[in-house]
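Here is a short briefing on one protein model. Please look at the sequence and the structure first.

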Amino acid sequence: MTAQVAGLSIHPASNMPLVDHISGTLHLANGIVRVEKLRSRTASISLPEISATVSDLLTEPRVSAHINGRIEVGAHLDKALVDVVRDLGLETLAGRVDVDLKVEVDATQPKDFRLSGKVGLKQIQAKTVFTPAQIEDLSANIFIRPDVATIPYAAATIRVPKAAAFSGGQFALNLKGTVNSWSTQPAATLESLNTSPISLPLLASLVPWEKYDGSADFLKKIMLAGGSVTVEDASLPSINLSNFTDASAKALKGMTLAAMLESLTVQTGFPY
């Protein structure tokens, strides 16, 4: 049996926007369903095309799917997507995502899904709720296997607006890393990071000084006095993202850093 599907809509979850304009072709034979060229939209965003096979439909369904295509998010989000973006810790989000992914799911144990493939980020613009800094022109390649996600390349410009840092400013960064056990107990390793020169007053505007109860005032004064730092190479050992605060403190002890300071001013307070 073959059937054409068009104009369907589903609401996947209460905190997710409606997925509509669903269309595609379904083939059913010998307890196996094949889905071809399944297309859909959510809000104003076209979702990547999906092809899938569902075997053992009446007993223990297993899904094997291929997701391939592009997601483009405009600068002005639909109201339906604003809450979704905020749940991700973002105030704004725009850009392009290219996906080429394969998914295998046992319907009786959906949490044990297997995902592999590639995700490409292009011209991503975003701002998190945690810092005044804005991420601009983020590009990255992410290669995903069931047990590890590898990021061999990521580059972005970090811009801080005038309201947050005197005259404002920006710097570029490049990094690569890995995330092990990404679907269960994610642990991230920063393999390398380098930056363009970063104004120290600009960098000071991004530090949550209030959390240090005055213990870092000396460092704060040095940074606000001027100068710049260029990170030539930095790395961090594995950080358990499910317990980020404790794990990051331990990881800092294993951090390696090569940086260049310029025009640094240190006031000792000693009389002359």
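Predicted model: local features only at pLDDT ≥ 70, side-chain atom pairs only at ≥ 80, totals over all residues.

Residues are numbered from 1 along each chain as its sequence is written, and side-chain values use heavy atoms, with hydrogens and water left out.

**Helix α1**
- Helix α1 spans residues 79-87; helices are DSSP runs of H or I with at least four residues, strands are runs of E with at least two, and both are numbered from the N terminus.
- L81, V84 and V85 are buried in α1 (under 20% relative accessible area; exposed is over 50%, partly exposed in between; 1.4 Å probe, protein chains only).
- Seen down the axis, these buried residues fall within an arc of 100° (taken from the directions from the helix axis to the C-beta atoms), so they line one face of α1.
- K79, R86 and D87 are exposed on the face turned away from the buried side.
- Cover for the buried residues includes β4 (45-46) and β7 (90-106).
- G89 follows α1 and has a positive phi, near 85°.

**T53 in β5**
- T53 sits in strand β5, residues 49-55.
- T53 is partly exposed, at 31% relative accessible area.
- Its contacts (heavy atoms within 4.5 Å) include R34, R62 and S64, not counting residues up to four places away in sequence.

**M1**
- M1 lies in the segment before β1 (2-10).
- M1 is exposed, with a relative accessible area of 68%.
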